[in-house]
Amino acid sequence: MKLSPYEQETIVSYNAGEQAATLCTRDKAVMRKLDTFVADYPDIYRLTEQDKVSKIYSLP
């Protein structure tokens, strides 16, 4: 599925009450970078959900 540049968003959610941030992205370049982090540092970066156009990660 081809997304417009406007639809290729990245959202970071963080609050002081939790240890990890949640990052949701539809940007393929961001996904590639985070997938590398998940592969290299699985104890720190985790892929928690994905669908056809987006991925959600957990990170410190």
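User: What does the numbering rest on, and what limits apply to a predicted model?

Analyst: Residues are numbered from 1 along each chain as its sequence is written, and in this predicted model local features need pLDDT of at least 70, while side-chain atom pairs count only at pLDDT 80 or more and totals for chains, interfaces and linings use all residues. Side-chain values use heavy atoms, with hydrogens and water left out.

User: How many helices and strands does the protein chain have, and in what order do they run?

Analyst: The protein chain holds 1 helix and 4 strands, where a helix is a DSSP run of H or I with at least four residues and a strand a run of E with at least two, numbered from the N terminus. Read from the N terminus, the order is β-β-α-β-β, and the C-alpha atoms fill a box of roughly 35 × 25 × 15 Å along the principal axes.

User: Why is methionine 31 called buried?

Analyst: Methionine 31, which lies in helix α1, has a relative accessible area of 6%; because buried means under 20%, exposed over 50% and partly exposed in between (1.4 Å probe, protein chains only), methionine 31 is classed as buried. Not counting residues up to four places away in sequence, methionine 31 touches Thr25, Arg26, Val53, Ser54, Lys55 and Tyr57, a contact being heavy atoms within 4.5 Å. The C-alpha atoms of methionine 31 and tyrosine 57, which are 26 residues apart along the chain, are separated by 9.3 Å.

User: Why does serine 13 count as partly exposed, whereas serine 54 is buried?

Analyst: Serine 13 has a relative accessibility of 44%, and therefore counts as partly exposed, whereas serine 54, with a relative accessible area of 8%, is buried. Serine 13 is found in strand β1, residues 10-13, and touches Ala21 and Thr22 when residues up to four places away in sequence are not counted. Serine 54 is found in the loop between β3 and β4, and, leaving aside its neighbours within four places in sequence, serine 54 is in contact with Thr25, Arg26 and Met31.

User: What makes a set of residues a nonpolar core, and which residues make up the largest one?

Analyst: A nonpolar core is a set of buried Ala, Val, Leu, Ile, Met, Phe, Trp, Tyr and Cys residues joined through side-chain atoms within 4.5 Å, and the largest such core has 5 residues in all, namely Leu23, Met31, Leu34, Tyr57 and Leu59. Both α1 (28-40) and β4 (55-59) supply at least two residues each to this core. Leucine 34 touches Leu23 and Tyr57, again not counting residues up to four places away in sequence.

User: What share of the residues in the protein chain is buried, and what share of its accessible surface belongs to carbon and sulfur atoms?

Analyst: Buried residues make up 20% of the 60 residues in the protein chain. The accessible surface comes to about 4700 Å², with 52% belonging to carbon and sulfur atoms, the areas coming from the Shrake-Rupley method with a 1.4 Å probe and, for residues, only the protein chains shown counting as cover.
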